Amino acid sequence: MRWVYFNKLYRTKFQAGCLARRLEHDGWIYGLDDLSEIEIFRSRRGKYGVRFIL
């Protein structure tokens, strides 16, 4: 198991949260059938991103 980082950072936690919810509900669109854990993280520069475990 390893972390996979979505390739875009967002300015607000709300935007990253919307993407996280979309990945939870529409993971099959991206070919990800089994998303164990989805997490919102904050980068060193203060932007927010989404990562998940395959």
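Predicted model: local features only at pLDDT ≥ 70, side-chain atom pairs only at ≥ 80, totals over all residues.
## Nonpolar core

The largest nonpolar core has ten residues in all: V4, Y10, A16, L19, A20, L23, L35, Y48, V50 and F52. Two elements, α1 (13–26) and β3 (48–53), each give two or more residues to this core. Helix α1 gives the most, with four residues. In soluble globular proteins, nonpolar side chains tend to be buried together.

V50, one of the core residues, has contacts with V4, Y5, F6, A16, L19, A20, L23, I38, E39 and F41, leaving aside residues up to four places away in sequence. Among these partners, V4, A16, L19, A20 and L23 are also members of the core.

## G49 in strand β3

G49 is found in strand β3. With a relative accessible area of 0%, G49 is classed as buried, because buried means under 20%. When residues up to four places away in sequence are not counted, G49 touches K8, L9, A16, E39, I40 and F41.

One of these contacts, A16, lies 33 residues from G49 along the chain, yet the C-alpha atoms of G49 and A16 are separated by 5.8 Å. A16 also touches V50. E39 and F41 are likewise among the contacts of G49 and among those of V50.

## Aromatic pair

The model has one aromatic pair, formed by Y5 and F41. The arrangement is edge-to-face, with the ring centres 5.3 Å apart and 90 degrees between the planes. This pair links distant parts of the chain, as Y5 belongs to strand β1 (residues 3–5) and F41 to strand β2, 36 residues apart.

Y5 has a relative accessibility of 45% and therefore counts as partly exposed, a class that lies between 20% and 50%. Both Y5 and F41 are in contact with V50, and F41 also touches G49.

## Surface patch and partly exposed positions

W28, I29 and Y30 make a nonpolar surface patch of about 370 Å². I29 is placed in the loop between α1 and β2 (37–42). The relative accessible area of I29 is 49%, so this residue is partly exposed.

R21, located in helix α1, is also partly exposed, with a relative accessible area of 47%. R21 and I38 are 17 residues apart in sequence, and their C-alpha atoms are 8.7 Å apart in space. I38 is itself one of the residues that V50 touches.

Notes: Residues numbered from 1 in each chain as written. Heavy atoms only, no water. Core = buried A, V, L, I, M, F, W, Y, C linked by side-chain atoms within 4.5 Å. Buried < 20%, exposed > 50% of the residue type's maximum accessible area, 1.4 Å probe, protein only. Contact = heavy atoms within 4.5 Å. Patch = residues over 30% accessible without salt bridge, like charges linked within 9 Å, V, L, I, M, F, W, Y side chains within 5 Å. Areas by Shrake-Rupley, 256 points an atom, 1.4 Å probe, with all protein chains shown as cover. Salt bridge = Lys/Arg side-chain N within 4 Å of Asp/Glu carboxyl O. Phe/Tyr/Trp six-rings, centres within 6.5 Å; stacked < 30°, edge-to-face > 60°.
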